[in-house]
Amino acid sequence: MFSAITKQIPPGNRMGELAAETILHGIVAATATLVFLRLRHVHAAKIRLRFWLLALGCPVLLTPVFSLLAPFRRGEIFRDERAIFSGSHFANLQWQSVRLGVAWVAILAVVGTALFLRDLIPFAWDVTRSRAKQNEATAPPAALTSAVNRAAEALGISAPRLLVRATKQPILICRGLRRPTIVSSTGLVESLAPDELEAAVAHEMVHAARRDPALGWGLMLARGLFFFNPAIQLVARAAVQEIEQRADAAAVHALDNAQPLVRGLRKMAGIDPERPGTGGWQVLRLHAIERRCRALLDERGASQPTPSRWGFVALAVGLGVILFFTVA
Amino acid sequence: MGRAGLVMVVVLGGTALALRAADAIPGWLAGVPPGVRLCASLDEAEARTGLRLDHARALFADYELLADGIRVTAKPEPAVALAMRWRQDRRIHLTLFHGRGKEIPVALRTPLPSFHEIAVPLEKGRSASLKAEAMPDGSVWQDIEWAVGSDATALRFNGRTVELLRLVKQILEDAP
């Protein structure tokens, strides 16, 4: 009466499934990493950065590799009998004829896109504005040259290329993929005290020595490719924050005093310690800078035990296994 | 195991458990036991189980599928349950079970206490077992089960016995 058939469920939109899986894997990896860092009380920025890059690598690299090398994961037998989580099990959940699984992915994609645009638009605006002002370069003021030389000596590195703009706006940034350059402004030199200037310049010189601009562009590329993925957007932001804190820590370690950098950061951001709670679009950026200042003034970081290399490998392998058995 | 190992076990174990719990939510919401899956269509049920259900479609002239009425399981043998109701009187319900092996898996066909059982002769020397079963709400249903080759089929019905036997005859006649 009934006979066996070999028909398979239509594969559907593979790219859509892959996109949904990167979102799912991103959320799982980011959550597990966050919990791990909290439970282990990891405060050292360089260690935290490694773990955030691991969380980023899971959806960016591992998910496409799984999809390419293990297509059987999409089969119903794997989903029903092997997987610890399968998004297809939510396919029949509906509310008012809306498929909840699809709606959930769509909402997350909108959130991811909004997070990406929220950072992309100011970034693109800054790049456009700085290109327009490229011809306003001027000779470095003596105070800045002196600060660069003192910072280079303290860090034990050679001074990178310096570019100064004749503008009252305080600018201090390290840029350049192959040849990192520190871009500053006359306004910055006028607004910071000599020790604050030295600390701020030392921070940027650490970025230049570590080639952080290349890492920053890599993170931006991942964010652009996975613009729809909220986990990747948030993890990449966390990684950028750790890159900044890593440079802060190296600069303070070299100069042996956190106060000048904290004062300099607050001045450049326009944070008034007497009047906290600045509102508007800048509130998140100011919050991030204030967090960096608090981290610099917090002595706990140095006394906390940090996870060993084996801890990192164990988390990477464990996450890899869990994500292999997690299918969108 | 030190604190570092404990944290690792908590994080990875907690992640796996949380994913497992999330995976069970759709089944829990639909009241589906573990190992059983809801299907949106007969095509999906056929693809998941490898069973052909063309002859079940013949019943749809008189019966309509209930919402969440298609359930399948893969273990220990693939099987399907189709819950339907009579188009003329929606109080009359019918569930068709079909699967590989001698019996329909318990996860799909919940055993009920039977208080009467007789053997019913079918065509070509086959026979079926017809039981009167008491449902948890006190109502009495009839359940008939037979085997053809390596497949088992059963009908659970709350209508008249003569209609149940007509359905059995129809299914057997439609068989290749």
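Reader: How far apart do the C-alpha centres of domain 1 and domain 2 of chain B lie?

Author: This is a predicted model, where local features need pLDDT of at least 70, side-chain atom pairs count only at pLDDT 80 or more, and totals for chains, interfaces and linings use all residues. Residues are numbered from 1 along each chain as its sequence is written, and side-chain values use heavy atoms, without hydrogens and water. Chain B splits into domain 1 (1-31) and domain 2 (34-174), with bounds from an automatic or database domain assignment. Their C-alpha centres are separated by 37 Å.

Reader: What is the radius of gyration of chain B, and what would a compact globule of 176 residues have?

Author: The C-alpha trace of chain B spans about 70 × 35 × 30 Å along its principal axes. The radius is taken over C-alpha atoms, and the globule rule is 2.2 Å times the number of residues to the power 0.38. That rule puts a compact globule near 16 Å, but chain B has 20 Å.

Reader: Which residues is A:Phe36 in contact with, leaving aside neighbours within four places in sequence?

Author: A:Phe36 and A:Leu315 touch the most other members of the largest nonpolar core, which holds 47 residues. Such a core is a set of buried Ala, Val, Leu, Ile, Met, Phe, Trp, Tyr and Cys residues joined through side-chain atoms within 4.5 Å, buried being under 20% relative accessible area with a 1.4 Å probe, protein chains only. Contact means heavy atoms within 4.5 Å. On that basis, the partners of A:Phe36 are A:Phe51, A:Pro307, A:Leu315, B:Val7, B:Met8 and B:Val11.

Conventions: Chains lettered and ligands numbered in written order. Buried < 20%, exposed > 50% of the residue type's maximum accessible area, 1.4 Å probe, protein only.
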